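Here are some notes for a colleague who is about to look through this entry. They are meant to be read with the sequence and the coordinates at hand.

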Amino acid sequence: MTSSPVSSTPVLRTALTWGGIVAGVLAVVGALIGYAVSGGDGVASALVGVLVGGFFSAVTAASILIANRWFGDDLYVPIFFGVVLGGWILKLVLFIIALVLLRDQPWIDTTVFFLALVASVLGSLVVDMVVMMRMRIPHASDVSLPTDPDAGDRTD
């Protein structure tokens with residue numbers, strides 16, 4: 001595997017990997033708690049809540065990773081922002097559609113669904129925070145920048 005010149009790529013890959021692991025753990029825990037609280041409807045509600053939360057959390061990182069493939073291209077910046085903004089708009093539209101489709105389903109326990117969704121979002125935020133704190137991103141230190149020789153002659 002070749003190393004990406006974009007420093008955010010390993011961070012985002014790690015965040016996606018750990019986010020998937022946390023979503024899997026939350027799905028199991030949520031299903032067990034959902035079953036204890038509301039039987040089969042609770043299991044389905046917890047699984048859908050974790051799936052919705054995990055999917056929407058992963059879309060942003062995935063869209064940045066996809067956009068980073070154009071790094072070095074003359075159109076990198078507009079492509080990057082187009083892909084990321086498109087991902088956010090897609091998330092907003094799909095989230096509204098998901099809520100409209102799921103709100104009146106007889107097999108959804110709204111409390112279990114909501115708590116699983118919140119747990120999934122909070123789990124994703126914790127993963128993002130831990131990954132950002134632990135990743136070692138190279139940076140330059142002790143760099144002397146060039147100075148403008150005419151800077152002292154100006155009177156602003």
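**Notes on the predicted model**

1. At 16% relative accessibility, L65 counts as buried, because the cut-off for that class is under 20%. The model in which this value was computed is a predicted one. L65 is found in helix α1, and once its neighbours within four places in sequence are left aside, it is in contact with T9, L12, R13 and L16. One of these pairs shows the separation along the chain clearly: L65 and L12 are 53 residues apart in sequence, yet their C-alpha atoms are 7.0 Å apart in space.

2. The partner L16 deserves a note of its own. L16 also lies in helix α1, and at 28% relative accessibility it counts as partly exposed, because the value falls between the 20% and 50% limits. Apart from neighbours within four places in sequence, L16 is in contact with A58, A61, A62 and L65. For L16 and A62, the separation is 46 residues in sequence and 7.7 Å in space, C-alpha to C-alpha.

3. As to the overall composition, the secondary structure of the protein comes to three helices and zero strands, so that from the N terminus on the elements run α-α-α. Of the 156 residues of the protein, 29% count as buried. Among contacts between residues at least 6 apart in sequence, 72% join residues at least 24 apart.

4. Helix α1, residues 8-67, and helix α2, residues 76-102, pack at an angle of about 170°, with their axes 8 Å apart. That angle makes α1 roughly antiparallel to α2, since angles over 145 degrees are counted in that way. On the side of α1, the contact is made by V48, V52, F55, F56, V59, T60, S63, I64, I66 and A67; on the side of α2, it is made by Y76, F80, V83, V84, G87, W88, K91, L94, F95 and L102. Sorted by class, the contact of α1 with α2 has 16 nonpolar, three polar and one charged residues.

5. S63 is found in helix α1 and, at 7% relative accessibility, counts as buried, because the value is under 20%. Not counting residues up to four places away in sequence, S63 touches V83 and V84, both of which are listed on the α2 side of the contact between α1 and α2.

6. S120 is buried, with a relative accessible area of 4%. When residues up to four places away in sequence are not counted, S120 touches L26, G49, V50, G53 and G54. V126 also has its place in helix α3, but at 45% relative accessibility V126 counts as partly exposed. V126 and G19 are 107 residues apart in sequence and 9.2 Å apart in space, taken C-alpha to C-alpha.

7. Which residues lie nearest the centre of the largest pocket? They are S57, A58, S124, L125 and D128, out of 31 residues that line this pocket, whose volume is about 500 Å³. By class, the lining of the largest pocket has 19 nonpolar, 10 polar and two charged residues.

8. The second largest pocket has a volume of about 180 Å³. It is lined by 13 residues, of which G30, I33, V112, L115 and A116 are the closest to its centre. The elements that give two or more residues to this lining are α1 and α3, and the largest share, eight residues, again comes from α1. By class, the lining of the second largest pocket has 10 nonpolar, three polar and no charged residues.

Key:
Residues are numbered from 1 along each chain as its sequence is written. This is a predicted model: local features need pLDDT of at least 70, side-chain atom pairs count only at pLDDT 80 or more; totals for chains, interfaces and linings use all residues. Side-chain values use heavy atoms; hydrogens and water are left out. Axes are lines fitted to C-alpha atoms, for helices over the stretch in contact, and angles run from 0 to 180 degrees between N-to-C directions. Helices (H or I, at least four residues) and strands (E, at least two) are DSSP runs, numbered from the N terminus. Angles under 35 degrees count as roughly parallel, over 145 as roughly antiparallel, 65 to 115 as roughly perpendicular and the rest as oblique. Contact means heavy atoms within 4.5 Å. Ala, Val, Leu, Ile, Met, Phe, Trp, Tyr, Cys and Pro count as nonpolar, Asp, Glu, Lys and Arg as charged, and the others, Gly among them, as polar. On a 1 Å grid over the protein atoms alone, a cavity is a set of points where a 1.4 Å probe fits but cannot get out, and a pocket is an open set with protein on both sides within 12 Å along at least five of seven lines; lining residues have an atom within 4 Å of a point. Grid points are joined across faces, edges and corners, and a volume is the space filled by probe spheres set on the points. Buried means under 20% relative accessible area, exposed over 50%, partly exposed in between (1.4 Å probe, protein chains only).
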